[in-house]
Number of protein chains: 2
Amino acid sequence: MKIGILGGGQLGRMLIQNALKYDDEWFTLDPAKDAPCANISYFTEGNFNDYDTVLNFGKGKDVVSIEIEHVNVDALFELVKNGVKVIPSPEIIQTIQQKILQKEFYKKHGIPSPEFQIIQHKSEAGFPLPFVQKMNTGGYDGKGVQIIKTEEDLQKLWDEPSVLESLVDIDKELSIIVAKNENGETKTFPVTEMVADPKLNLLDFNICPSDISEDIQNQTDAIAKQFIDAANSPGLFAIELFLDKKGKVWVNETAPRLHNSGHQTQEGNANSQFEQMYRVLKNLPLADTDANGFSGMLNLVGEENFSGKVKYDGINEVLQLPKTYVHLYGKTETKPGRKMGHINVLAENREDLMEKLVHIKSLVKVVS
Amino acid sequence: MKIGILGGGQLGRMLIQNALKYDDEWFTLDPAKDAPCANISYFTEGNFNDYDTVLNFGKGKDVVSIEIEHVNVDALFELVKNGVKVIPSPEIIQTIQQKILQKEFYKKHGIPSPEFQIIQHKSEAGFPLPFVQKMNTGGYDGKGVQIIKTEEDLQKLWDEPSVLESLVDIDKELSIIVAKNENGETKTFPVTEMVADPKLNLLDFNICPSDISEDIQNQTDAIAKQFIDAANSPGLFAIELFLDKKGKVWVNETAPRLHNSGHQTQEGNANSQFEQMYRVLKNLPLADTDANGFSGMLNLVGEENFSGKVKYDGINEVLQLPKTYVHLYGKTETKPGRKMGHINVLAENREDLMEKLVHIKSLVKVVS
């Protein structure tokens, strides 16, 4: 089967890596000619935001998908008209691409998501402090998002179409990955729990299973079901959730694709998010997602003040640790905050897991 | 690092697949332009038995290795002279390539291996019946091997340099994979147990852990240690063993490379043989090899009477089974007996494992 992926980054690379155990032809499109997928697929150097580029790339493929949501969605609509299968649907990609549409989608379908106001210009802002401003488009990995706490902060408001959203009093950040194939079969991965690095605003540790009550589990299951029903599209989706201090679960946002919060599924679950995505793309029976005990993931991001040819200090010590799995993304150049890889860890219990993750974090540095 | 592999088949493909979680450049050499490695590495179409081809391929690589032992070893000696690292050493590849040298190697180092006679021509044969004739060179996947049972069978003897070897009264066929890096660190995988398909003479089920006593475990451990010490080379080696009905373990033969009897390590062990081989090639700390409970492997080989574009009948049923992992090799054409893929299975105990393997074997057929 000819499978085309818009984006040639690490998510695509790990998708293709996993899928090398099957017989398919993989095509990727990315503006960077040294993209992580460049040497392991039929590679097109090009802009996935450009209508003609995406349209030409998609023609002749059996299925087209994404590993980044910021793509030219008009071209995807056109491909569907031309009989090319696009997963997930252009409609749901478009909804998720735009924070405003995404919020309205949650509201329309009764999916719990923080109160919000939509503005086109900052002059329209009239939302109780404190709140978070999320730009309608262009946000990624924490960019395009800022917290407005005080009257003074209001000066900082971006004069852009945005969502202003009430701040959740966060107890935990959770994530649930849900997949649906064209036959309508759906399956979720166990809920994971995140610990963010406040400095880089990137996911830091991700732990599975999360330490949540049955009630909270029920809330997340209900949200996953509501979402996948409302999305009305095959695909694999990562729903990022806030658990507030009163025990209520809120949707923060959803990614219509493979997600950083699912990386520990590579060794931590019976099958990974990458295997599940593959099965969605080919409309195969969905894979079992059972957790193999406790697992955790640590992102390897470029240290501050280092740019250039990457070096992973301490990596040999890490490779000596049992049930510890290093995943690098084939990126030769590091820069501050760049996601260069991750490390997955398996453990017998949560305490061991946290201890191992903290130990590994102290060992390894991404420098140049 | 620039890593060159002679051979571009499934072993190389799975090695590269695993190693896509690290940052290296992979180069492969194979005579078939549609070899399983062709699209996932810098690929050279060429004959790995040709001196100049191998020499030119190896130049400029940081390390050269093999995924098939029938390669031009003179070129490997020359590459070593030119400062290219070759793993395993050309000496041990040469020894293993030739059944006669291999048998003499076992004898010299006191490694238990069945009694034998070496002949250059069939007229020299003078070995007690029954015995097995193994051609000195050219044997692979059961080819170049025949059993001579009766006086009449002696007519069938190949007139080729050969080893005539006494038949072991086999209770079980076992395999142990042992790896050594340049630092001298060694590690074995748990002993596996094989069940052969008598018709195709190809490995059929491979089960881990094997059901062996402590005494037999000690014998296999001793053999692995004797072998790796005597080989005097970094590398990953698969030692195929016979356990006879009196409880003694004999070496059948050794492969100086990744091996079919290690495929279930992909999901069955903390790390796979492919990860271990990668670590050997880069002289990294060796990986932990603990078994994740019970695992087994079933080869997918082309059915008799089917040639042409491959079809995997029943594969969708298999994909619905929990803890069951399909691995195909990217080969588009099937023919009778061709290794097209394998299926790994995890289970709680040996009975469940056997039941699952037998069930899967009944479900799936490699046809055209």
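Visitor: Is K134(A) buried or exposed?
Guide: In this predicted model, K134(A) is found in strand β7 (residues 131-135) of chain A, where a strand is a DSSP run of E with at least two residues, a helix is a run of H or I with at least four, and both are numbered from the N terminus. Buried means under 20% relative accessible area, exposed over 50% and partly exposed in between, using a 1.4 Å probe and protein chains only. The relative accessible area of K134(A) is 6%, so K134(A) is buried.

Visitor: How are residues and chains labelled, and what limits apply to the model?
Guide: Residues are numbered from 1 along each chain as its sequence is written, while chains are lettered from A and ligands numbered from 1 in the order in which they are written. Local features need pLDDT of at least 70 and side-chain atom pairs count only at pLDDT 80 or more, whereas totals for chains, interfaces and linings use all residues, and side-chain values use heavy atoms, with hydrogens and water left out.

Visitor: Which residues does E253(A) contact, leaving aside neighbours within four places in sequence?
Guide: E253(A) lies in strand β15 (residues 249-255) of chain A and, with a relative accessible area of 21%, is partly exposed. Taking contact as heavy atoms within 4.5 Å, E253(A) is in contact with K99(A), Q102(A), Y106(A), K134(A), A238(A), I239(A) and E240(A).

Visitor: What does UniProt list K134(A) and E253(A) under?
Guide: The UniProt entry is unreviewed, and its list includes K134(A) and E253(A), with K99(A) also among them. UniProt positions are given in the numbering used here, feature names are shortened, and annotations may be inferred rather than shown by experiment. The name in the entry is "binding site".

Visitor: In what order do the 5 strands of the open sheet in chain A stand?
Guide: Two strands pair if DSSP finds at least two bridges between them, and in this sheet the pairing is parallel. β3 (42-45) and β5 (85-86) of chain A each have a single partner strand, so one side of each is left without a neighbour in the sheet. The order in chain A is β3-β2-β1-β4-β5.

Visitor: What angle does helix α2 of chain A make with β2(A)?
Guide: Helix α2 (residues 51-58) of chain A packs on the sheet and touches β1 (2-6), β2, β3 and β4 (63-66) of chain A. Axes are lines fitted to C-alpha atoms, for helices over the stretch in contact, and angles run from 0 to 180 degrees between N-to-C directions. For helix α2 and β2(A), the angle is about 175°.
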